[in-house]
Amino acid sequence: KNVPASFEGTVGNYTMSASINKTNIKTNETASLKINIKGSGNIKLLDIPKIKIPNGIDKFEPKITEKVNRAGVISGFKNVEYIIIPRTPGKKEIAPIKFTYFNPTEKNI
């Protein structure tokens, strides 16, 4: 009931952070956009959040690293790194990155 559009079935208890290594990027210069998700739940099945890159910026396939701890409660992290390159000049903004999950302990999304 009242499930957000960004929910894709992920269950657990997570935190997410996102960062970019440069905020003033010249045309044809590379930048690194990173998304880090950590917590308890099935990290292997966790879908990476979708990112919306504005027109005029190339986005390459992400490099994904993950570590799963299976001692007791399954937990770990998944790190995603995109290389992006602006091809046209001007101010551009990446839309907020949304990551939604169901927390079975708190019974909410």
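Which residues lie nearest the centre of the largest pocket? In this predicted model, they are Thr 23, Ile 25, Ile 57, Lys 92 and Glu 93, out of 17 residues that line the largest pocket. The space in the largest pocket comes to about 380 Å³. Sorted by class, its lining holds eight nonpolar residues, five polar ones and four charged ones.

The second largest pocket has a volume of about 320 Å³. Its lining is made of 15 residues, and those closest to the centre are Ser 6, Glu 8, Pro 49, Lys 50 and Lys 98. Here the classes divide into seven nonpolar, three polar and five charged residues.

The aromatic side chains come next. A pair of aromatic rings is described by two things, the distance of the centres and the angle of the planes. The structure holds three aromatic pairs. In one of them, Tyr 14 and Phe 99 have ring centres 5.8 Å apart and planes at 75°, an edge-to-face arrangement. This pair links distant parts of the chain: Tyr 14 belongs to strand β1 (residues 7-20), while Phe 99 sits in the loop between β5 (75-86) and β6 (100-102), 85 residues apart. Tyr 14 and Phe 99 are both buried.

Tyr 14 also pairs with Tyr 101. The centres of these two rings are 5.4 Å apart and the planes stand at 85°, so this pair too is edge-to-face; the angle is over 60°, the cut-off for that class. Because Tyr 14 lies in strand β1 and Tyr 101 in strand β6, the pair ties together parts that are 87 residues apart in sequence. Tyr 14 and Tyr 101 are both buried. Taken together, ring pairs join Tyr 14, Phe 99 and Tyr 101 into a cluster.

Charged side chains make a further set of links. Side chains of opposite charge can pair when their charged atoms come close. The structure holds five salt bridges. One of them joins Glu 29 and Lys 22, with 4.0 Å from N to O. Glu 29 has a relative accessibility of 26% and therefore counts as partly exposed. Lys 22, at 29% relative accessibility, is likewise classed as partly exposed. The reason is that partly exposed covers the range between the buried limit, under 20%, and the exposed limit, over 50%.

Another salt bridge brings the side chains of Lys 44 and Glu 66 together at 2.9 Å, N to O. Lys 44 is in the loop between β2 (31-41) and β3 (57-59) and Glu 66 is in strand β4 (residues 63-69), so this pair ties together parts that are 22 residues apart in sequence. Glu 66 is partly exposed, because its relative accessible area is 31%.

Arg 87 and Asp 58 also meet in a salt bridge, with an N to O distance of 2.7 Å. This pair again links distant parts of the chain, with Arg 87 in the loop between β5 and β6 and Asp 58 in strand β3, 29 residues apart. The relative accessible area of Arg 87 is 37%, so Arg 87 is partly exposed. Asp 58 is partly exposed as well, with a value of 32%. Some of the salt bridges share partners, and these join Lys 44, Glu 66 and Lys 78 into one network.

Most residues other than glycine have a negative phi. Asn 28 lies in the loop between β1 and β2. With 48% relative accessibility, Asn 28 counts as partly exposed, because the exposed class begins over 50%.

Is Asn 103 buried or exposed? At 4% relative accessibility, Asn 103 counts as buried. Asn 103 is found in the segment after β6. Its side chain makes a polar contact with the side chain of Asn 13, at 3.4 Å. A polar atom of the Asn 103 side chain also lies 2.9 Å from the backbone nitrogen of Thr 105.

Notes. Residues numbered from 1 in each chain as written. Predicted model: local features only at pLDDT ≥ 70, side-chain atom pairs only at ≥ 80, totals over all residues. Heavy atoms only, no water. Phe/Tyr/Trp six-rings, centres within 6.5 Å; stacked < 30°, edge-to-face > 60°. Helix = DSSP H or I, 4+ residues; strand = E, 2+ residues; numbered from the N terminus. Buried < 20%, exposed > 50% of the residue type's maximum accessible area, 1.4 Å probe, protein only. 1 Å grid on protein atoms, 1.4 Å probe; cavity = no way out; pocket = protein on both sides within 12 Å on 5 of 7 lines; lining within 4 Å. Points joined across faces, edges and corners; volume = space filled by probe spheres on them. Nonpolar A, V, L, I, M, F, W, Y, C, P; charged D, E, K, R; others polar. Polar contact = N/O pair within 3.5 Å; in protein donor to acceptor, adjacent residues only side chain to side chain.
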